[in-house]
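I opened this entry to keep track of what I looked up, item by item. The structure goes in below, and my notes follow.

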Amino acid sequence: MSRERISLYDTTLRDGAQTHGVDFSVEDKWLLARQLDALGLDYIEAGYPGANPTDTRLFAEVRPLPHAKLTAFGMTKRPGRSISNDPGFQALLAAKVDAICLVAKSWDFHVEVALGISPEENLDGIKESVEAVVASGREALLDCEHFFDGYKANPDYALRCAKAAYEVGARWVVLCDTNGGTLPEEVETIVGEVVKHIPGDRLGIHVHNDTDNGVANSLAAVRAGARQIPGTPNRIGESCGNANLTSIIPTLMLKSDYADRYETGVTPDKLRTLTHASRILDEVLNRAPNRHAPYVGESAFAHKGGIHVSAVQKDPRTYEHVPPEAVGNRRKLLVSDQAGRSNILAELDRIGITTPKNDPRIARLLDEVKQRESMGYAYEAADASFELLARRMLGNVPQFFEVDSFRVMVERRHNALGDLVTTSEATVKVRIDGETMMSVGEGNGPVNALDNALRKDLGRYQSFIDDLSLVDYKVRILTGGTDAVTRVLVESRDGAGNRWFTVGVSPNIVDASFEALIDSINYKLIRDGAPAP
């Protein structure tokens, strides 16, 4: 018996960007877009063309994605204007994307109060806007804003808004619980009525989490017939967030009531990267992962002594509803390090390092990782640093260069124009093949100056790092006080577009940064096959 297809629509880069305290850069957005695409999502809503400088730059340099359809978000045409005379709508049509998602009012209260137009004029705007997107050759989607509140107030008009989009060719008509206050039983009943008018394979469900029912409401809509689910990993989004894709995806794939009936673009192999993808998002947001998050949290499969541990060691099914490995997580038994050893072996296999399971160096590597984690290191999002650590412990990392010393000076002064400016200068001494080399670099800060000095002249290895650039830099304070321990995460990129992350930890932010920079260069030299000394 064939299974029905559920389409997954990610709105992290648009709706998730409205999270309090979140401010994505263009590079952040492309990093996350690639990660979400690799997970197997069907649509990635990249932003709102023309709404802000970041999204304007993003849509001016659109980069293709291998799997997902890149989607632009925007409003239906403005009341009282034609399509051709609406700059906002024209910016949507100019975006080089696969699909365009329009948002329109479907609650007559909002139409009359917020828009100040007649219900019929709103319907005409929906039709004309969807028709324009379809005519441009892109997939058209319509978010029916406040649909559930509108349906409860005036079901006839809410349905007319949804049907207006469907009848003129919208690929998906998405019912939105914008205020997030609708409960699962209401969602299931209302969606069940809507599918009598619009086929379920053209119907989506976009809910918010203001009653902590985002996942439950999404699944209720699926049971009632909807076949598209928008959401975000880790539940980010405005107010209380969106439906949590890191819970919805494994539930659809691992719970038989859904897995036997539905399929998604996420394969079992891709599902095993879910925890990794969740942690990457948290690092980009520069926040600590939620330890107690379902499926992907560090404590999701943690067992603390007594009856639980005894039973889990005999058969994990006694206290685990799904295998942690299925979502890329791991079991955490606080009285045993066996799960940690397994996790190290899995990580080595993932990055292509083959070693026998009984190799005594694995135990030493595990102890070293645990020791470093207690100091503040985190390797979930710093694959390059972990690979270097593993290779060093396994005895196969050349020492391309040694750093004898470095010095950084920060000076605040008036420039020639009389403006008060702060400049940084760094000096780095390295030894290569027994020869000491000294380089000086300037920058807009101590880390930038150190980076410039370190990469200015690496002798015979210089050609390997000429295309290396630092593209992102994040700092997290791990302990309080003026002597706080700092973790620095550095993202690097080369001329071929390859990216990698390295980590450094120290009470001194410059030391932590320098450690991450050194790892970045060593990783590049190893990956590109630089000759050993």
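How many salt bridges does a search of the whole structure find? I ran it over the predicted model and got 34 salt bridges. I then went through some of them one by one.

**Entry 1. Aspartate 42 and arginine 5.**
I looked up the side chains of aspartate 42 and arginine 5, which meet in a salt bridge with an N to O distance of 2.8 Å. This pair links distant parts of the chain, its members being 37 residues apart. I placed aspartate 42 in the loop between helix 1 (26–39) and strand 3, and arginine 5 in strand 1 (residues 4–5). Are the two partners buried or exposed? Aspartate 42 has 11% relative accessibility, so I put it down as buried. Arginine 5 has 37% relative accessibility and is therefore partly exposed. The cut-off for buried is under 20% relative accessible area, and exposed means over 50%.

**Entry 2. Glutamate 45 and arginine 14.**
Next I took glutamate 45, which forms a salt bridge with arginine 14. Their closest N and O atoms are 2.9 Å apart. I noted both glutamate 45 and arginine 14 as buried.

**Entry 3. Lysine 152 and glutamate 186.**
I then checked lysine 152 and glutamate 186, whose side chains meet in a salt bridge at 3.4 Å, N to O. I located lysine 152 in helix 6 (residues 147–153) and glutamate 186 in helix 8 (residues 184–194). The two are 34 residues apart, and the pair links distant parts of the chain. Lysine 152 is partly exposed, at 40% relative accessibility. Glutamate 186 is also partly exposed, with a relative accessible area of 27%.

**Entry 4. A network.**
Which residues are linked in a network of salt bridges? I listed Glu27, Glu61, Arg63, Glu491, Arg493 and Arg499.

**Entry 5**
Why is strand 3 (residues 43–47) largely enclosed by the rest of the structure? Five of its five residues are buried, so I recorded the strand as largely enclosed. I looked for its partners. Strand 2 (residues 7–10) and strand 3 run parallel and are joined by two bridges. In this pairing I found tyrosine 9 opposite tyrosine 43 in strand 3. Strand 3 and strand 4 also run parallel, joined by four bridges. On that side, tyrosine 43 stands opposite lysine 69 in strand 4. I counted five of the seven residues of strand 4 (residues 69–75) as buried, which leaves strand 4 mostly covered.

**Entry 6. A charged patch.**
Which residues gather in a patch of negative charge on the surface? I wrote down Glu121, Asp124, Glu128 and Glu131. I followed up one of them, aspartate 124, and found it in helix 5 (residues 119–135). Aspartate 124 has 39% relative accessibility and counts as partly exposed.

**Entry 7. Positive phi.**
I checked backbone angles next. Most residues other than glycine have a negative phi. Aspartate 212 has a positive phi, near 65°. I placed aspartate 212 in the loop between strand 8 (203–207) and helix 9 (214–224). I found serine 239 in the loop between strand 9 (228–231) and helix 10 (245–254). At 62% relative accessibility, serine 239 is exposed.

**Entry 8. Two spot checks.**
I looked up alanine 165 in helix 7 (residues 155–167). Is alanine 165 buried or exposed? I have alanine 165 as buried, since its relative accessible area is 0%. From alanine 165 to alanine 140 I got 8.9 Å, C-alpha to C-alpha, with the two 25 residues apart in sequence.

Then I turned to aspartate 466, in the loop between helix 19 (462–465) and strand 16 (469–477). Aspartate 466 is exposed, with a relative accessible area of 54%. Aspartate 466 and valine 440 are 26 residues apart in sequence, and their C-alpha atoms are 16 Å apart in space.

Definitions and conventions:
Residues are numbered from 1 along each chain as its sequence is written. This is a predicted model: local features need pLDDT of at least 70, side-chain atom pairs count only at pLDDT 80 or more; totals for chains, interfaces and linings use all residues. Side-chain values use heavy atoms; hydrogens and water are left out. Patches are made of residues with over 30% relative accessible area and no salt bridge: like charges are joined within 9 Å, nonpolar side chains (Val, Leu, Ile, Met, Phe, Trp, Tyr) within 5 Å. Accessible areas come from the Shrake-Rupley method with a 1.4 Å probe; for residues, only the protein chains shown count as cover. A salt bridge is a side-chain nitrogen of Lys or Arg within 4 Å of a carboxyl oxygen of Asp or Glu. Lys and Arg count as positive and Asp and Glu as negative; His and the chain ends are not counted. The place of a charge is taken as NZ of Lys, CZ of Arg, CG of Asp or CD of Glu. Buried means under 20% relative accessible area, exposed over 50%, partly exposed in between (1.4 Å probe, protein chains only). Two strands pair if DSSP finds at least two bridges between them.
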